[in-house]
Amino acid sequence: MAKTLADFKLQIGEPVRVEIKAPKGHYMTSLVGVVENSGVFIQAPKNAYGETVLITEGNIITLRLLSNNRIITFASKLLKQYDLPVSYWLLEYPGRIESKQIRSNSRVPVNLMVSVDDFDDMSHRDDLPCSALGVDISLSGCCVQYGQTLGDIGDRFYLTTRVKVADIEHVILTPVELRNLHRGSEAGSVVINHGFKFIDLDEDSRLILIAFTYQQFLVETGNLEPNGQEL
């Protein structure tokens, strides 16, 4: 039996990728709500300048959501654009839905400069903060390469990085816990791979990380070009 959106128990605020063919564009926004067999409400997407996107009502758009470690994809018609009390779109309830399971620990490669700082403000370590390289990311954590060991298993740090989601740059500051260490090599030099787990994420950081990881997953699976263009 085909599943409906209600079967996925979508939560308000979950990230939504909107792909429009005319005029061509892709944007990240969030879910406002779902009325079973009636319609889907999303926040009106904004472009890189912070302006609300305007398209012709009746256009067919593609939506991709990441919910409960599933990518949910469906096409829908834009029924109405509203400006008050906030800017949001009403979409036709989809008749056909595709979903794909993603394990929470499924990692995708990245190339991110990160800053690692001590979790304890009173420690005053001379070697922190330091700049390191993030080489992969998942919904639960990331791997960071550095030339030496930053600490022991169980130690906590603050990790800061910049990510770009749908052409908009975000700064993320999140606490992490060191879960594993192993030696590797990069360009002939020895590096230490640090496996960090995200902990105590605030809501904004959680949504940004989900959206970014989702975007990188689409790139890795061939659904999105590295420059963000739909294939």
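Helices and strands here are DSSP runs, numbered from the N terminus; a helix has at least four residues and a strand at least two. Asp200 lies in the loop between S13 and H1. The model is a predicted one. Phi of Asp200 is near 50 degrees, a positive value in a residue other than glycine. Is Asp200 buried or exposed? Asp200 is exposed, because its relative accessible area is 62% and the cut-off for exposed is over 50%.

Look for Lys9 in the segment before strand S1, which spans 15-21. Lys9 counts as exposed, because its relative accessibility is 59%.

Now go to helix H1. Gln216 lies in this helix. Gln216 counts as buried, because its relative accessibility is 17% and the cut-off for buried is under 20%. What does Gln216 touch, leaving aside its neighbours within four places in sequence? Its contacts are Val108, Pro109 and Val110.

Next comes the inside of the model. In soluble globular proteins, nonpolar side chains tend to be buried together. Here the largest nonpolar core has 32 residues. Within this core, Ile137, Phe157 and Phe196 touch the most other members. Which elements give two or more residues to the core? They are strands S8 (108-118), S9 (130-137), S10 (141-146), S11 (156-165), S12 (168-186) and S13 (189-198), together with helix H1 (203-220). H1 provides the largest share, 8 residues.

Follow Ile137 for a moment. Set aside its neighbours within four places in sequence, and Ile137 is in contact with residues including Ser106, Arg107, Val108 and Val110. Cys142 and Phe198 are also among its contacts.

The model has 2 cavities of 30 Å³ or more. The largest cavity holds about 90 Å³ of space. How many residues line the largest cavity? The lining has 14 residues, and Leu112, Ile137, Cys142, Leu159 and Thr161 lie nearest the centre. S8, S9, S10 and S11 each supply at least two residues of this lining. By class, 11 lining residues are nonpolar, 2 are polar and 1 is charged.

Between S8 and S9 there is a loop, and Pro129 is found in it. A cis peptide bond joins Leu128 and Pro129, with omega at about 5 degrees.

Finally, turn to strand S5, residues 70-82. Which way does S5 run against strand S4, parallel or antiparallel? S4 (residues 60-67) and S5 pair in the antiparallel sense over 8 bridges. In this pairing, Arg64 has Thr73 of S5 as its bridge partner. S5 also pairs with strand S7 (residues 98-101), again in the antiparallel sense, over 4 bridges. Thr73 stands opposite Glu98 in S7. Strand S6 (residues 88-92) is another antiparallel partner of S5, joined to S5 by 4 bridges. There, Leu78 stands opposite Leu91. A hairpin of 5 residues connects S5 to S6. As you trace these strands, keep one pattern in mind. In a regular strand the side chains alternate between the two faces of the sheet.

Terms used
Residues are numbered from 1 along each chain as its sequence is written. This is a predicted model: local features need pLDDT of at least 70, side-chain atom pairs count only at pLDDT 80 or more; totals for chains, interfaces and linings use all residues. Side-chain values use heavy atoms; hydrogens and water are left out. A nonpolar core is a set of buried Ala, Val, Leu, Ile, Met, Phe, Trp, Tyr and Cys residues joined through side-chain atoms within 4.5 Å. Buried means under 20% relative accessible area, exposed over 50%, partly exposed in between (1.4 Å probe, protein chains only). Contact means heavy atoms within 4.5 Å. Two strands pair if DSSP finds at least two bridges between them. On a 1 Å grid over the protein atoms alone, a cavity is a set of points where a 1.4 Å probe fits but cannot get out, and a pocket is an open set with protein on both sides within 12 Å along at least five of seven lines; lining residues have an atom within 4 Å of a point. Grid points are joined across faces, edges and corners, and a volume is the space filled by probe spheres set on the points. Ala, Val, Leu, Ile, Met, Phe, Trp, Tyr, Cys and Pro count as nonpolar, Asp, Glu, Lys and Arg as charged, and the others, Gly among them, as polar.
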